[in-house]
2 protein chains.
Amino acid sequence: MTHIAMPAIDEAVIGRRDEIVAGLVAILGAEHVIATEDERRAYETDALTAYRAVPLAVVLPGSTEEVSKVLAFLNGTGAKVIARGAGTSLSGGALPSEDAVVLGLARLNRIVDIDYANRVARVQTGVTNVNITNAVAGQGFFYAPDPSSQLACTIGGNIAMNSGGAHCLKYGVTTNNILGLRMVMLDGTIVDIGGSECDAAGYDLLGLVIGSEGQLGVVTEATVRILRAAEGARPMLMGFDSAESAGACVAAIIGSGIIPVAIEYMDRPAIKVCEAFAHAGYPLDVEALLIIEVEGSEAEIADLIARITGIAEAFKPSTLRISQSATESAAIWKGRKSAFGAMGRIADYMCMDGVIPTSRLPEVLSRITAICEGYGLAVANIFHAGDGNLHPLVLYDMNDPDQLEKAELAGGDILKVCVEVGGCLTGEHGVGIEKRELMSEQFTQVDLDQQMQVKSVFDPGWKLNPAKVFPLEGRPAVSA
Amino acid sequence: MTHIAMPAIDEAVIGRRDEIVAGLVAILGAEHVIATEDERRAYETDALTAYRAVPLAVVLPGSTEEVSKVLAFLNGTGAKVIARGAGTSLSGGALPSEDAVVLGLARLNRIVDIDYANRVARVQTGVTNVNITNAVAGQGFFYAPDPSSQLACTIGGNIAMNSGGAHCLKYGVTTNNILGLRMVMLDGTIVDIGGSECDAAGYDLLGLVIGSEGQLGVVTEATVRILRAAEGARPMLMGFDSAESAGACVAAIIGSGIIPVAIEYMDRPAIKVCEAFAHAGYPLDVEALLIIEVEGSEAEIADLIARITGIAEAFKPSTLRISQSATESAAIWKGRKSAFGAMGRIADYMCMDGVIPTSRLPEVLSRITAICEGYGLAVANIFHAGDGNLHPLVLYDMNDPDQLEKAELAGGDILKVCVEVGGCLTGEHGVGIEKRELMSEQFTQVDLDQQMQVKSVFDPGWKLNPAKVFPLEGRPAVSA
C-alpha cells in the first residue's frame, strides 16, 4: 500500500530484544514464546495482507493471570503490545510493528460456563465465534453475530472490532450481545466490566471497550448472550431490473416495521461470480438480487413472507423465489457467505465497509459505480442492505502499482460519500490501519481529541495497538 | 434522609453569587435567569423528595449556542452545574447544591426534524418522552422506551439515566434507541457524538455519555430511532398461587426464545392497591399476577398467545385472561402504569431498582420479603419481570424517623442481594445520590478509579453534577 505512513519505530526497544524475550520466557516458559524470525514472520500480517511487519516477539499466554504478568512486565520495557485473535481483520487491526510484542490469545480457548436458564455463556476470548454456537446448539441455542469469517475469527477479535454479520439486522452486532468482560490493563491490573445482567450502574465502560480495537486493554474473558434458535427460518430470492427498484424495496420493507433476520444485496457482477462458484440457483438476468430471510414458527414465517412479498409487489421484482427445502436454503446462503472468496478467484479486490441511511441506497450505489469508472476500475457490490452496511469490492490487479493506488483512492472516495450522506466509515470491520487517516472526514479534531484523551486514561504511553484508529497527525505527545 | 453525606459546599462561589447572576443575565437576559430565593426553591429537589438544596441560580437557555455560552462563562467561576430536564429522577439525579447553577432544558423543546424513510428523529433534549411518540404517531411510528413518567420526563433526563420502561423488554432501553447526540462540554465546546446511522467509527462515546448522569457534558440534541408501530397488541393476565410459580413461568417464557413486548409482575399487596385505584379487573385471590403483552399482525398475536399459554400451563396459573377489547387492554395497562401513584395514596414508600438474573426471581423475592420483615416493614413488588428489573416498594411512615432509617437500611440490603446473585444496582433509575455509596458493593476501587478517570477527562474540575454516582470517599483530588 502506498498512502498510509507508519509511526516511528522505537529502536531502543529493538535493541533490548534479547532481554525482553528472556523476561517473557521466565514468565511463560520457552514453549509459549515465539522468538525466531521464521516463526515470528507468521504473525507479520492479518487479512489486510498488503501491510506487513515482523514483530519483536510473539507470546501465547494460557490464562488471564499469565496475560496480567506479561503485560506488567512489558509495561516496563517500552515495547508496544498488539493483541491478536485469529488474525482475520480486514482493516489491519492485528498488524504488528517491529517494536511490538504480539500477544496471541489462541490458547485462551475454553468455554468456561453455560447458563441456559439466564441465556448467558462465559467464554475465554480466544474461542472462535462459531464454537460458541456449536457449544450450545444441542440445547437449541446460538450466539447471534455471524461474521463471514466465523469459522476462524475469535470472539476477542469480534469484541475489538464490534463485528457484525448477515444476521445482525435482527439481533444486533457484537456490542448488543456482550454483557460483561474481564480485561487486563497495561500495568497488569485485572478489571471486570459489566456483568451477566443488563447495563451495570456507573459509566458504560463495556460499550466503550467493545470496538476500541485493542487500544484500552487486553480482554481475556467475555460473558455473551445466547439466544434460543427460532423454530425455523426461510430465505427468499428477489431479483430486480435496477438498483433503484431493489434499494427502494429494501427501504419499504424496513420502513414497514418488519425486521427480517437478514436482507442481503448482490449486484450483477457479484451474482455472476457467486453463482459460478456456489451453484445456488441465483437468477443471472437481473441487475440486483435480494436474499431476504425470515424466521419463527410456521405461522410466523407464512405471515412474514406474505407481508414482505406484498410490499415488494410495488417494485415489480422480475424473480421471486421462496426456498422450498433445507437444501435449497443452504445453497442460497452458501453463495452469499462465500462471496468474497469466490470474487478472489477472479480478481484482486479491496473490500470497503461503509454505512449509509437505507433511504440513500440507490443514489449511493450509482455514485460508487461512477467513482470506480472514473478511475477505470470495476466494482462489485455485496452487502447487508437491511442496515445500510455496504461492502463494495473495488476490483484491481495487485501486481499493477498504478491500479493499486487508484483502488485505494477509489475506496477513500467511496467512504467519503458514505460520511457525506450521513453514514459512517465502518459498519463491522473497524478502522484499523486502513481507515485511520479517513477518521478526520467523519470527526472534528475536538471529537478526536476527546476519544484520544480516553485512550490516554487507559494507556497513557500509547503502547496498546497504537498505530491504529487515529490519524497520525494531531495525536497527543506521550512519554516514551 | 440520614445516611448519605453531602460533599463540601464552596462558600467562595456562594460569595460571588451576585457577580455570577449578573454574568448569566448578560448572556440570557433577566427573563431566563431565576435568581430570587422563592423561585429558586422550585428547583431544590426532584422526585426523590427527601433530599433538598436551594441552588445558587437557575438558567433556562434557549439554544445549544446559549448553553455553550453559559457553560463557558460558568467554567471560570468555580460554580457547579446541574443539568435538569423535568426533575422526575427517582434517584436524586437532578438534586442541586447551594454552590451550583441549575441548567434547565425546558426551553429546548423543539422537534427539529423527522425522517420517516430512515426512521430517525432529531429532537432537542427538553422534549418530553411522550411528545416524540405524539409527533410521529400520525404516521404510524413511535419512540420505544416508555418510563412510567413518560408524560413528564424529558428525553434529556432519559439519556442521563439510560431510562427504561415496561416495553423495553422487546425494544431495549434508551441506549439502544439513540443514534447521535450534540453535547456541550464544560468549556463551551460543542461536540457531535455518533450520527444518524449505526455505531460510528472510533470509540463508542455515545454509549459512554448515555447513562453518565450529566457528569460528562450537557446534551442539547439527540437523534432518536423511531419504530413503526405494530399492527396490533394484546395483553393477557395470568395469576399464580405462588411467587415461585410466577417466577418460574417468566423464566420459561424468556428461556423459550419468545420476547413478548412486556412481562410485568405484581404481588398480592400491589394487586390490591392497583385494583382499588384503577378497576382493571385484576384477580384479587392470587399471590402473583403477570401482565404479558404480545404484538404484531393478527396471525402473529394468535401464534404468540398460543405458544405462551402453552408454556404457562406447566406452572398451573389459577387465572388466565386474554384481553378481548381495546378498552380492556387500556384498563389493564392503566392499573400497572399508575401503580406507584396508587401505592402513594396508602403509604410512603422507597422504590428500589435492582436487576437480577431472571432465573433467580423466586429466590430473590422471598429474600426481599424476609429482609423487610426483619426490619418490621411491609413491601410490595411491582416490576419488569421479563428483564429481571425489580421495583420493590419498601413501605414506611415518612414521619417516623426510625421507620425512615429502617427503610433505607432495608433498601440497601435488597440491592446488595441483587449484586450478590449476579445482578446490579440499577436497571433504569440511575445511581444518582441514592445509590452512590452502594457502588462499592458492585465495583472494586480499581473499577471505580477507571470510571472516575474517564469523568476527569471530560470534566477535570468535577463541576458537572459531581455529588452523584461515585462514593464520596476514594475520589480523585481536584483543583477548585
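Which residues does A:Val224 touch, not counting residues up to four places away in sequence? Select A:Val224 in this predicted model, and show with it A:Arg119, A:Val120, A:Ala121, A:Val123, A:Ile132, A:Tyr143, A:Ile155, A:Asn177 and A:Ile178, which are the residues in contact with it once those sequence neighbours are set aside. A:Val224 also belongs to the largest nonpolar core, a set of 173 residues, in which A:Val224, A:Leu290, A:Phe458, B:Val224 and B:Leu290 are the members that touch the most others. As background, nonpolar side chains in soluble globular proteins tend to be buried together.

For an overview of chain A, colour domain 1 (11–104), domain 2 (111–228) and domain 3 (232–340) separately. The C-alpha centres of domain 1 and domain 3 of chain A are 44 Å apart.

Next, select helix α11 of chain A, residues 298–312. Its 15 residues should span 21 Å at 1.5 Å a residue, and because its end C-alpha atoms are 21 Å apart, the helix agrees with that expectation. Display the side chains of A:Glu300, A:Ile301, A:Asp303, A:Leu304, A:Ile305, A:Ile308, A:Thr309 and A:Ala312, the buried residues of α11(A). In general, residues three or four places apart in an α-helix point the same way, because there are 3.6 residues a turn. Within chain A, the buried residues of α11(A) pack against β12 (232–240), α9 (243–255), β14 (288–296) and β15 (319–322), and in chain B they pack against α11 (298–312).

Now turn to the aromatic rings, for which a search of the whole structure finds 12 pairs over all chains. One of them joins A:Tyr116 and A:Phe141, whose ring centres are 5.2 Å apart with 50° between the planes, a tilted arrangement. This pair links distant parts of the chain, 25 residues apart, with A:Tyr116 in the loop between β5 (111–115) and β6 (120–124) of chain A and A:Phe141 in strand β7 (residues 141–142). A:Tyr116 is partly exposed at a relative accessible area of 25%, whereas A:Phe141 is buried at 4%.

Move to chain B and select B:Tyr116 and B:Phe141, a pair that is tilted because its planes stand at 50°, with the ring centres 5.2 Å apart. B:Tyr116 lies in the loop between β5 (111–115) and β6 (120–124) of chain B, and B:Phe141, 25 residues away, in strand β7 (residues 141–142). The relative accessible area of B:Tyr116 is 26%, so B:Tyr116 is partly exposed, while B:Phe141 counts as buried at 4%.

Then select A:Tyr203, B:Trp462 and B:Phe470 together, which ring pairs link into a cluster.

In chain A, the charged end of A:Lys455 sits over the ring of A:Trp462, 5.2 Å from its centre. A:Trp462 is in the segment after α17 (445–458) of chain A and is buried, with a relative accessible area of 5%. Inspect its backbone too, where phi is positive, at about 50°, although A:Trp462 is not a glycine.

For the last stop, is B:His279 buried or exposed? B:His279 is exposed, at a relative accessible area of 61%, and lies in the loop between α10 (268–278) and β14 (288–296) of chain B. Its phi is near 50°, a positive value in a residue other than glycine.

Note on methods:
Residues numbered from 1 in each chain as written. Chains lettered and ligands numbered in written order. Predicted model: local features only at pLDDT ≥ 70, side-chain atom pairs only at ≥ 80, totals over all residues. Heavy atoms only, no water. Phe/Tyr/Trp six-rings, centres within 6.5 Å; stacked < 30°, edge-to-face > 60°. Helix = DSSP H or I, 4+ residues; strand = E, 2+ residues; numbered from the N terminus. Buried < 20%, exposed > 50% of the residue type's maximum accessible area, 1.4 Å probe, protein only. Lys NZ or Arg CZ within 6 Å of the ring centre and 35° of its normal. Domains from an automatic or database assignment. Expected span 1.5 Å × (residues − 1). Contact = heavy atoms within 4.5 Å. Core = buried A, V, L, I, M, F, W, Y, C linked by side-chain atoms within 4.5 Å.
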